[in-house]
Amino acid sequence: MASSNPIKVSDAGEAIGKIVKILQKCPFLKVNDVIKGGSLGSGVTVPGDFDADIVLRSDSLGDNDMKPENAARWCRKFDDYLGKSLHGDYVLQYKKPKVAAGSLSFTIIFLNKGKQIKFDFLPKPFFKTEKEFVDHLATLYNDKENKHLLSQYTAAAAKWQVKFISTKPGRVQDLIKRAKKWRNEKFPKGQKSDGRPKSYLISILVISASYDYMEELGLKDIMELDGKNVNIDDMAKRVTEILIADIQSHHELTVCWNDQEKHPNCINDWEPYVLDPANPFNNLYITGVARYIPDEPFGDYVEGNRNWVPLARQIETLDLTKSL
């Protein structure tokens with residue numbers, strides 16, 4: 001999320017709360033739930049610059065609705081609905097709506113605070129469980145006619161993506177924030193850049209490195225990294241070293257989670273890979289870095305370009321021992 005003025009997490013949280021209430025009253029589509037995604041939902045925000053993603057999930061949406069032309073139609077319908085609903089003392093203006101990649105990007109301006117907050121909104125199908133979601137993607141993966149829709153389902157995993165990050169130890173979450181701050185300094189949003197690592201990729205790489213550090217210490221549970229016997233400075237230094245080594249040898253990365261080996265076809269298709277813990281069919285090695293163009297929306301949803309060279313060139317400057 002970007003803004004011309006400094007933004008407090010409380011401001012964004014207040015705005016999201018209002019938007020969620022409006023979406024829950026949607027008159028033209030059944031709403032099963034509304035997920036606060038991105039770094040704001042996961043609790044790993046960087047002051048002044050963070051992602052505010054809102055994912056509406058409905059079991060009235062299906063594969064046909066995820067086709068680009070139909071997804072765009074739904075987004076335009078929600079654009080009209082939100083534009084008419086966001087008004088009054090709370091919001092001065094709803095502006096800059098853009099529809100692309102199955103997403104609606106818009107900016108609202110606080111009447112009483114004079115601050116702009118940008119949101120990405122994504123209407124997606126509802127799945128009751130993570131297994132149900134992954135099983136559906138496995139079916140799509142083996143369907144030649146609809147396999148191309150897999151990328152449209154990425155945000156449908158927002159509930160489990162948020163859970164994966166938000167349930168990690170406080171120290172790991174703090175290192176994620178530090179890594180994102182470093183990313184913002186080396187790949188600033190105000191400048192055109194290629195190979196800019198997305199927020200979610202940064203989080204997953206830090207968590208992966210933290211698991212490696214956990215194993216080096218002989219610990220069995222990552223939550224033990226918050227324990228008294230773990231020195232935070234030593235942890236920050238070693239996780240930095242692991243991350244630098246991983247990214248410098250990125251062409252050898254093979255990161256997967258839990259029982260994702262049950263879907264070997266997707267792994268065999270991708271070498272190297274950094275799998276989304278909530279979606280084994282989303283290879284962050286491909287989707288997690290992208291060409292960034294200032295003022296263009298959908299930073300975390302634009303198609304990845306697999307160009308890790310700029311990140312590999314900058315990674316030696318990473319130092320997670322520096323606090324925010």
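These notebook entries record what I looked up about aromatic rings in this structure.

**Basis.** I worked from a predicted model, in which local features need pLDDT of at least 70, side-chain atom pairs count only at pLDDT 80 or more, and totals for chains, interfaces and linings use all residues. Residues are numbered from 1 along each chain as its sequence is written, and side-chain values use heavy atoms, with hydrogens and water left out.

**Ring pairs.** I searched the whole structure and found 11 aromatic pairs. Rings of Phe, Tyr and Trp (its six-membered ring) pair if their centres lie within 6.5 Å; planes under 30 degrees apart count as stacked, over 60 as edge-to-face and the rest as tilted.

**Phe28 and Tyr81.** I noted ring centres 5.7 Å apart and planes at 90 degrees, so this pair is edge-to-face. I then checked accessibility (buried is under 20% relative accessible area, exposed over 50%, partly exposed in between, with a 1.4 Å probe and protein chains only). Phe28 is partly exposed at 25%, whereas Tyr81 is buried at 14%. Both residues belong to a cluster that ring pairs build from Phe28, Trp74, Phe78, Tyr81 and Phe121.

**Tyr211 and Trp257.** Tyr211 is partly exposed at 24% relative accessibility, and Trp257 is buried at 9%.

**Charges over rings.** I applied the rule that NZ of Lys or CZ of Arg must be within 6 Å of the ring centre and within 35 degrees of the ring normal. The charged end of Lys147 sits over the ring of Tyr141, 4.2 Å from its centre. Lys168 lies over the face of Phe164, 3.8 Å from the ring centre.
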